[in-house]
Each structure stands twice: as C-alpha cells, then as structure tokens.
Amino acid sequence: MSAEAPVSRFDGMKWLVVAALVAVAVVGNSYFANESLLYRVLGIVALSAAAGFVALQTAKGASFWSLVKGSRTEIRKVVWPTRQETVQTTMIVVAFVLVVALILWGLDSFLGWLVSLVIG
C-alpha cells in the first residue's frame, strides 16, 4: 500500500481538465441562475462525475481508489458491538456524566458560598 503508482506525464494535463470541469460547473451554475434548480443540480452532478472520473485516472487518483478499497476491506474485519453492549456502555457514560455534573455543581455551590462569605 505504501508503494505509489507511477506518475504519468499526462497527469498534469488531467488535473487541468479536472480544474476546468469544476470551473465550468461553478460558472455555469451562476450563468444559468434563472434556469430550474433541478437542471443546474443535474449539470453540476454530471460535471462532478466527469471530473471525478478524470481525477481517478491520475496516479494520485489511483492511489486514492486503492485506499478506499483497502478501507472497505478493513471495515469488514471490524467486530462491531452488540446492541446490549452498546446500551450498557451508553448507560455507563450517562451515569459517569451525571456523577461528574453533581460533583461540579457541588463544588460551584461551595465556592460561591465561600466567596459570598469573604465578600460579605
């Protein structure tokens, strides 16, 4: 995974195409402001998909796609907690937060009382 994909001499040109597609989407959205929102969103989605496709053809895009595939594989290996474990852990956290809140409330009340005695 740490090995990088070979850099093509056309990668710079591909990134320029990606930038141009994004610029066309932004400018087109402003230019066609009077058109229906649906048509503008569809145009932006289509141009974004085209820009993403071109970006994936670069060395950085290929390494990104490799990272995404590796992440999906790792997510499948995770042992997720059961519902009972999740509820128990949540209750422990809630109880701990309540205990700390009571401690802080008591400390605040005591310090407030102490300051009022000093100030008079």
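Phe96, Val100, Leu104, Leu107, Phe110, Leu111, Trp113, Leu114 and Leu117 together make a nonpolar surface patch of about 900 Å². A patch here gathers residues with over 30% relative accessible area and no salt bridge, joining like charges within 9 Å and nonpolar side chains (Val, Leu, Ile, Met, Phe, Trp, Tyr) within 5 Å. The areas themselves come from the Shrake-Rupley method with a 1.4 Å probe, and for residues only the protein chains shown count as cover.

Before going on, please note that this is a predicted model, in which local features need pLDDT of at least 70 and side-chain atom pairs count only at pLDDT 80 or more, while totals for chains, interfaces and linings use all residues. Residues are numbered from 1 along each chain as its sequence is written, and side-chain values use heavy atoms, with hydrogens and water left out.

## Helix α4 from end to end

Helices are DSSP runs of H or I with at least four residues, strands are runs of E with at least two, and both are numbered from the N terminus. Leu114 counts as partly exposed because its relative accessibility is 37%; the cut-offs are under 20% for buried and over 50% for exposed, with partly exposed in between (1.4 Å probe, protein chains only).

How far apart are the end C-alpha atoms of α4? They are 53 Å apart, which agrees with the 54 Å that its 37 residues should span at 1.5 Å a residue. That expected span is 1.5 Å times one less than the number of residues. Val87 also belongs to α4 and is partly exposed, with a relative accessible area of 41%. From Val87 to Val115 there are 28 residues in sequence and 42 Å in space, C-alpha to C-alpha. After α4 comes Gly120, with a positive phi near 95°.

## Aromatic pairs

How many aromatic pairs does the structure hold? There are two. Rings of Phe, Tyr and Trp (its six-membered ring) pair if their centres lie within 6.5 Å; planes under 30 degrees apart are stacked, over 60 edge-to-face, and the rest tilted. Tyr31 and Phe32 are edge-to-face because their planes meet at 85°, with ring centres 4.9 Å apart. Tyr31 is exposed at 66% relative accessibility, whereas Phe32 is partly exposed at 42%.

Phe110 and Trp113 form a tilted pair, 6.1 Å centre to centre and with 35° between the planes. Both lie in α4, three residues apart, about one turn of the helix. An α-helix has 3.6 residues a turn, so residues three or four places apart point the same way.

## One salt bridge

The structure holds one salt bridge, that is, a side-chain nitrogen of Lys or Arg within 4 Å of a carboxyl oxygen of Asp or Glu. The partners are Glu74 and Lys77, at 3.4 Å from N to O, and both are in helix α3 (residues 59–77). Glu74 is partly exposed at 45%, while Lys77 is exposed at 56%.

## What the record lists

An unreviewed UniProt entry lists residues 12–32, 38–68 and 89–107 under "transmembrane region"; such annotations may be inferred rather than shown by experiment, feature names are shortened, and positions follow the numbering used here. In the model, residues 38–68 are 94% helix and 0% strand, with end C-alpha atoms 30 Å apart. Residues 89–107 are 100% helix and 0% strand, with 27 Å between the end C-alpha atoms.
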